[in-house]
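Look at the sequence and the structure below.

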Amino acid sequence: MLLRKLLRTAWLYKGQFISMIVTVCIGVGIFLGFQMEWKSIEADTAQFFEETNYADFRLYDEAGFSDKDLDAIEKIDGVDAASRYLSLTAGVKGTDKSVALNVPETGTVSVPFVLEGADFATDREGIWLSDRFAAANNIAIGDEMTLTVQGKSLTAKVVGLCKGSEDLVCVSDSSQMMPDFESYGYAFISDASLRKALGRDYYPQLNIRSTLSEDALEEEIDDALDRTIQLHAKDDHLAYSMVQGETDEGKTMGTILPVIFLAIGLLTMVTTMHRIAAAEKIQMGTLQALGFRNRKIVRHYACYGLFVSLCGTLPGIALGYGVGRLFIDPDSTLGAYFDLPAWPLVMPSFCVPVVIGIILFMTLISHLSVRQMLKANAAETLRPYEPRAMKQGLVERLPGFDRLGFSTRWNLRDLLRHKIRVFVTLFGIVGCMLLLVGGLGMKDSTIHLIDTIDDNIYHFTTRLTLADDTARADALALADEVDGDWQASSAANFDGESVAVDVYQAGTDNIRFIDEDDNRVDLADNGVYLCLRLADGIAPGDEIEFSPYGSDDTYTVRVAGILRSLTDKSIIMTDTYAEKIDLPYQITTIYTRAEDIPDASFITASQRKSAIIDSFDEMMDLMNLMVYALIVGAIVLSVVVLYNLGTMSYIERRRDLSTLKVLGFRDGRIARLLIQQNLWLTLLGIVIGYPVAINVLRTLIEALVAEYEMRLVISPASYIASFVITCGVSLAVSWLVARKNRHLDMVEALKNID
């Protein structure tokens with residue numbers, strides 16, 4: 001009997017039950033999806049790193065490492081494996097394409113993950129090519145490729161297609177936001193192929209697998225090699241640092257959006273179940289009068305919460321996997337960024353108890369709501385639920401309150417009488433604004449970043465990458481020939497972290513520099529410039545120290561200014577100042593607007609600005625998908641919450657509305673009365689929501705994209721769109737609820753048991 005009653009009651013309040021189920025489903029789905037996003041990145045990349053023996057540490061020495069050096073490193077206690085390694089940019093002959101060429105000498109550390117073709121071997125000639133680069137350029141196994149390596153040609157067959165953990169994020173440099181496999185990829189060759197091409201072995205890098213700490217290993221290496229070597233832990237390597245950054249970003253996002261959805265869902269559940277319990281008060285009294293014990297009645301109504309939670313969480317779990325798959329997929333945003341061989345979804349272990357806790361919490365809410373109603377005897381319970389009597393409040397005692405219109409006074413009193421409903425409604429609208437302003441603001445901020453790079457910094461047409469051993473005279477001659485600016489980049493230790501030291505000659509206006517306010521800055525020759533991320537507590541005129549890797553020298557320099565760097569953490573100076581402090585540098589890049597580029601053997605890559613901007617546009621396409629998803633989520637959230645609360649509010653105000661009808665109020669005026677109240681709450685929620693959304697978005701930008709020094713920018717169109725969408729949804733839902741007044745049964749609503 002009680003089961004049939006449960007189904008009949010669910011059908012009677014089907015609108016409320018459906019809205020609660022949808023809210024729970026969305027909350028659980030968003031929560032699980034966002035948690036699976038960062039956990040899958042963490043687990044999938046960890047698996048890939050293990051399969052390819054990704055190095056824990058990297059040693060760098062421009063002079064190169066010998067077999068004797070390798071033996072000395074391998075004998076250190078705590079070193080599990082080591083391999084001499086070469087990684088450099090090689091051009092694809094006859095094209096403007098290039099690849100990161102990797103040579104793991106021993107084949108024990110940082111090896112390729114072969115997908116198709118011959119297994120990698122150090123004595124086998126051939127090229128193991130990135131499968132995505134091969135697909136983008138119509139290259140197949142068996143095709144012959146010619147690479148330009150340090151001015152020499154290497155011709156070999158493609159013997160395999162692979163993935164490489166060293167190039168998990170395959171970008172030519174930090175200025176490229178997204179991989180572009182059509183123009184830049186990666187490849188592996190064996191030690192045998194390297195010796196054949198260069199006529200010698202040259203390994204300026206040594207990769208190590210070890211569980212030792214960085215300080216302990218560095219001390220052991222200094223003793224083993226009897227010289228100071230540049231040592232980098234995997235945290236400084238692009239692939240690992242990007243994985244850690246994306247994981248941390250996912251955790252940050254997972255503590256904001258899912259919490260909002262879950263909080264709104266649970267609050268809606270609390271208020272709705274309380275109102276259903278209030279509306280069912282007479283039914284509870286009838287069951288008491290028929291002899292049902294309170295304990296059984298409580299269990300029966302607790303099943304309502306269990307029913308809603310199960311109906312919401314089960315499809316919510318499926319939705320969570322769907323949301324997770326939007327992120328963790330080869331065709332997703334992350335799939336375009338990370339080059340992984342497999343993308344299985346992984347759920348964090350804490351998600352299971354959280355979901356179980358949600359089910360138990362909702363069941364408990366139903367249990368407590370009913371227990372409150374059953375405290376009295378059957379005679380008392382059979383009386384209809386009446387809200388507590390309201391005394392004249394402070395607002396009603398304000399001067400001029402009596403001169404307000406009837407609708408205004410009626411709505412104010414109703415809002416003061418139902419504070420919980422007001423709070424939940426405001427919370428839902430603020431959540432809606434957070435999603436809308438956050439999504440649109442992130443898009444605006446990204447567009448501003450791209451426009452800043454395109455209009456204010458990059459004024460070149462083509463960027464030329466030079467071989468590591470290019471003579472300075474040759475580089476300067478090429479820069480003069482193409483009327484270009486040039487850059488020399490190296491790494492250094494500054495205040496305990498690895499930073500880029502960039503030396504520029506920028507007299508032809510192909511590359512520009514901007515300050516924090518996006519104003520152009522002409523580099524002076526009287527000091528260095530710090531990017532914003534390095535300038536914490538440092539002002540122009542202060543002195544700083546940095547130590548280039550591979551050198552025992554420490555340079556004390558004056559800070560001439562602070563710049564906004566949109567790529568590396570960098571210390572920037574002119575070539576004149578570099579020579580003044582006797583800083584050695586190697587020219588690595590030339591920026592030019594020339595259309596005809598000389599065919600110089602030391603040019604390893606040529607990248608047009610349009611290709612860089614295109615990679616930004618690809619990121620914007622992915623950003624648009626996220627924005628559309630947030631807009632849809634905000635609309636669904638606001639519709640479900642507002643409709644559910646509006647309907648329950650209508651049910652509990654039926655007697656008041658019937659009284660108004662008896663007094664002669666027409667349906668149209670009563671509808672305007674209801675719409676006016678919802679509009680007030682919507683406008684108040686928007687007023688609160690704007691600053692909340694702006695501050696949350698600012699926090700997210702600072703936490704998630706600090707490496708680009710992105711600024712918070714929200715266009716007027718985004719503010720207007722957020723306002724229009726929120727108000728439009730609120731008015732539409734209010735109109736749907738107000739229409740119910742036409743079918744109000746006044747006799748049923750006004751009858752009472754005294």
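This is a predicted model: local features need pLDDT of at least 70, side-chain atom pairs count only at pLDDT 80 or more; totals for chains, interfaces and linings use all residues.

Residues are numbered from 1 along each chain as its sequence is written, and side-chain values use heavy atoms, with hydrogens and water left out.

**Helix pairs**

Helices (H or I, at least four residues) and strands (E, at least two) are DSSP runs, numbered from the N terminus. Axes are lines fitted to C-alpha atoms, for helices over the stretch in contact, and angles run from 0 to 180 degrees between N-to-C directions.

| Pair | Axes come within | Crossing angle |
|---|---|---|
| H2 (residues 14-51) and H7 (residues 238-254) | 7 Å | roughly 160 degrees |
| H3 (residues 67-74) and H6 (residues 214-225) | 9 Å | roughly 135 degrees |

The angle between H2 and H7 makes them roughly antiparallel, whereas H3 and H6 are oblique to each other. Angles under 35 degrees count as roughly parallel, over 145 as roughly antiparallel, 65 to 115 as roughly perpendicular and the rest as oblique.

Contact means heavy atoms within 4.5 Å. Residues of H2 in the contact with H7 include Phe34, Trp38 and Phe49, and those of H7 include Tyr240, Val243 and Met253. By class, this contact of H2 with H7 has seven nonpolar, five polar and four charged residues. Asp69, Ala72 and Ile73 of H3 meet Ile221, Ala224 and Leu225 of H6.

**Nonpolar core**

A nonpolar core is a set of buried Ala, Val, Leu, Ile, Met, Phe, Trp, Tyr and Cys residues joined through side-chain atoms within 4.5 Å. Buried means under 20% relative accessible area, exposed over 50%, and partly exposed in between (1.4 Å probe, protein chains only).

The largest such core has 76 residues, and Leu168, Phe338, Ile453, Tyr458, Ile511 and Phe616 have the most contacts inside it. Among the helices that each supply at least two residues of this core are H2, H7 and helix H18 (609-652). H15 gives the largest share, 13 residues.

**Two positive phi angles**

Most residues other than glycine have a negative phi. Asn53, not a glycine, has a positive phi of about 55 degrees. Asn53 is in the loop between H2 and strand E1 (57-60), and is partly exposed, with a relative accessible area of 26%.

Asp518 has a positive phi near 65 degrees. Asp518 lies in the loop between strand E13 (497-505) and strand E14 (528-531), and at 15% relative accessibility Asp518 counts as buried.

Definitions and conventions:
Ala, Val, Leu, Ile, Met, Phe, Trp, Tyr, Cys and Pro count as nonpolar, Asp, Glu, Lys and Arg as charged, and the others, Gly among them, as polar.
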